[in-house]
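Please keep the sequence and the structure at hand while reading.

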Amino acid sequence: IVMLSLPLCSLLYRQDPMHMLWLFIVSYLIYATWLCFAFLQVNTNKGAYVSKCLAGFALLDAVLVSEFGITSVLICLALFLLAVIFQRVAPAT
């Protein structure tokens, strides 16, 4: 629950809460979906759960930098994809 609520706390510290709010919402939904997907595997495969959570940090970064614009979010999404791809070669755990 803390992992899901942490990005919502960042709304309090935004310089302009209404600026780029749509980007925050989209980024948060992607992050929350990925995290819930990871939580589904916690009982069956803890290694997969941990790797998904570690890759999800890039999505958390995307939520937190969403006030700076779409470019910042796209960079974080690209890094997330790279993390998922590289985990096939070198597991995060």
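## Overall fold

From the N terminus on, the order of elements in the chain is α-α-α-α. There are four helices and zero strands, where helices (H or I, at least four residues) and strands (E, at least two) are DSSP runs, numbered from the N terminus. This is a predicted model, in which local features need pLDDT of at least 70 and side-chain atom pairs count only at pLDDT 80 or more, while totals for chains, interfaces and linings use all residues. Residues are numbered from 1 along each chain as its sequence is written, and side-chain values use heavy atoms, with hydrogens and water left out.

Along the principal axes, the C-alpha atoms of the chain fill a box of roughly 40 × 25 × 15 Å. Of the contacts in the chain with a separation of 6 or more, 61% are between residues 24 or more positions apart, contact meaning heavy atoms within 4.5 Å.

Buried residues make up 32% of the 93 residues in the chain; buried means under 20% relative accessible area, exposed over 50%, and partly exposed in between (1.4 Å probe, protein chains only). In soluble globular proteins, nonpolar side chains tend to be buried together. The largest nonpolar core has 15 residues, and those with the most contacts inside it are Tyr28, Tyr31, Cys53, Leu59, Val63 and Phe80. Helices H2 and H3 each supply at least two residues of this core. A nonpolar core is a set of buried Ala, Val, Leu, Ile, Met, Phe, Trp, Tyr and Cys residues joined through side-chain atoms within 4.5 Å.

Val63 is in contact with Pro7, Phe24, Ser27, Tyr28 and Tyr31, leaving aside its neighbours within four places in sequence. Phe80 belongs to helix H4 and is counted as buried because its relative accessible area is 10%. Not counting residues up to four places away in sequence, Phe80 touches Trp34, Ala55, Gly56, Ala58 and Leu59. Phe80 and Ala58 are 22 residues apart in sequence, and their C-alpha atoms are 5.1 Å apart in space.

## Largest pocket

The largest pocket holds about 170 Å³ of space. Of its ten lining residues, the closest to the pocket centre are Ser51, Lys52, Val84, Gln87 and Arg88. On a 1 Å grid over the protein atoms alone, a pocket is an open set of points where a 1.4 Å probe fits, with protein on both sides within 12 Å along at least five of seven lines; lining residues have an atom within 4 Å of a point.

Helix H2 (21–39), helix H3 (46–64) and helix H4 (70–89) each supply at least two residues of the lining. H4 gives the most, with three residues. By class, the lining has five nonpolar, three polar and two charged residues.

Phe68 is found in the loop between H3 and H4 and is exposed, with a relative accessible area of 60%. The C-alpha atoms of Phe68 and Met20, 48 residues apart along the chain, are separated by 8.0 Å.

Val42 is placed in the loop between H2 and H3 and counts as partly exposed, at 26% relative accessibility. Ser72, in helix H4, is partly exposed, with a relative accessible area of 24%. Ser72 and Ala62 are ten residues apart in sequence and 7.1 Å apart in space, C-alpha to C-alpha.

Key: Points joined across faces, edges and corners; volume = space filled by probe spheres on them. Nonpolar A, V, L, I, M, F, W, Y, C, P; charged D, E, K, R; others polar.
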